[in-house]
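Morning, everyone. Please have the sequence and the model open while I talk.

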Amino acid sequence: MSTSDLVDVSNADSIVEGSTAEELNRVDVPKTAQPLRIYWLYLVPLVILHVMALLAFVPWFFSWSGLVVAILGHFVFGMLGITVGYHRLLTHRGFTCPKWLEHTFALFGICNLQDSPARWVAIHRMHHQHSDHQPDPHTPMASLFWSHMGWVLYHNRDHDSLTSFERYARDLLKDPFYLKLERRGLWVKIFWLHAAIITALGGLFGLATVGPSGVIQMAASWLVWGVFVRTLVVLHGTWSVNSIGHVFGYKNYKTRDDSRNNWFVALISHGEGWHNNHHAQPRVAHHGHRWFEFDMSWWVIRILESVGLAKDVVRAKKLPMIHDH
Ligand SMILES: [Zn+2]
Ligand SMILES: [Zn+2]
């Protein structure tokens, strides 16, 4: 199968015809992840991140400005970076935009410690191609914990092999920008650079508002809230799409996987929780298909479209919904 075919398969509609959906059996963790071997390179930073985020419970680290930076960061890095950038633009090509904007979204995505753009895209395309069947990288059919964060913490030979990258993300790696990010962990360095910038800005804000005595505390507050807490919230939001979004919720479409629409996940992930709609028609740039399925990321894409920055926006086809029967 050629690369373009594979990308197309990953983006193909996944509607199942007939009156009953396919019976889904328990799926084991992917064979390429067995025997289980801890991926220390991912486990250690994630443990550090969780521990550092706990500092949010220490009052000394709290500041209202730090909280505002965290909330703004959730929109800028989480929504523009992951939801709009990594997912709808880079993985599914739900719209096109100028290169400078695409690269900016990719840089925002990196600031969430969720892999380089190429690795994220490759793994997510694998998920769409095999969703809830072997070798889906993160199906809850293996276990809920596996689908949430277990799959990140163990080695999966597929995720680091050049062949997978070549097969699932060749379109990205043709762009020298994405290729460079893979070299010598450059993307991780960018994450730490953005953390340093936010911390420094916190210090400057402390100097301007409190004076020299406020520099250290404000810098620490912006680091804990604006970097650690926000990164953690965005991470668990994304992971919830893979875990909760394949277990709890309702379905609009009969798909060959067990994807669900879940309002809570939609709320914390800027619209990604309408996951059954998304699996039914993966390329579509809007994930809310019914009037009450609010999708904040879609509004961003619509605004980009209205000012001429987003083009070729893919819209949903009218397909029969389960409720129509
Ligand atoms: Zn899914
Ligand atoms: Zn997707």
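Predicted model: local features only at pLDDT ≥ 70, side-chain atom pairs only at ≥ 80, totals over all residues.

Start with the secondary structure. The chain has 14 helices and zero strands.

Now the overall form. The C-alpha atoms fill a box of roughly 70 × 45 × 40 Å along the principal axes. How does the radius of gyration fit a compact globule? For 325 residues, such a globule would have a radius of gyration near 20 Å. The chain has 20 Å, so the two agree.

What about burial? Buried residues make up 46% of the 325. And the contacts? Take those between residues at least 6 apart in sequence. Of these, 70% join residues at least 24 apart.

Next, helix 3. Helix 3 covers residues 64-91. How far does helix 3 reach from end to end? A straight helix of 28 residues would span 40 Å, at 1.5 Å a residue. Helix 3 spans only 36 Å between its end C-alpha atoms. Now look at Gly85. There, helix 3 bends by about 40°.

Is helix 3 mostly covered or mostly open? Mostly covered: 20 of its 28 residues are buried. After helix 3 comes Arg93, and the phi of Arg93 is positive, near 50°.

Helix 3 also has a partner to look at. Two packed helices are described by the angle between their axes and the distance between the axes. Helix 5 is residues 117-130. The axes of helix 3 and helix 5 come within 10 Å and cross at roughly 65°. The crossing is right-handed. Which residues make the contact? From helix 3, they are Tyr86, His87, Leu90 and Thr91. From helix 5, they are Pro117, Trp120, Val121, His124 and Arg125. An α-helix has 3.6 residues a turn, so residues three or four places apart point the same way.

Last, helix 11, residues 215-242. Its 28 residues should span 40 Å at 1.5 Å a residue. The end C-alpha atoms of helix 11 are 40 Å apart, which agrees. Helix 11 does have a kink of about 25°, centred on Arg230. Why call helix 11 largely enclosed by the rest of the structure? Because 23 of its 28 residues are buried.

Methods. Residues numbered from 1 in each chain as written. Chains lettered and ligands numbered in written order. Helix = DSSP H or I, 4+ residues; strand = E, 2+ residues; numbered from the N terminus. Expected span 1.5 Å × (residues − 1). Bend = angle between axes of the 7 residues up to and from the residue. Buried ≥ 20, exposed ≤ 12 C-beta atoms within 10 Å, placed from the backbone. Rg over C-alpha atoms; globule rule 2.2 N^0.38 Å. Contact = placed C-beta atoms within 7 Å. Axes fitted to C-alpha atoms, helices over the stretch in contact; angles between N-to-C directions. Left-handed = near helix turned anticlockwise from the far one by under 90°.
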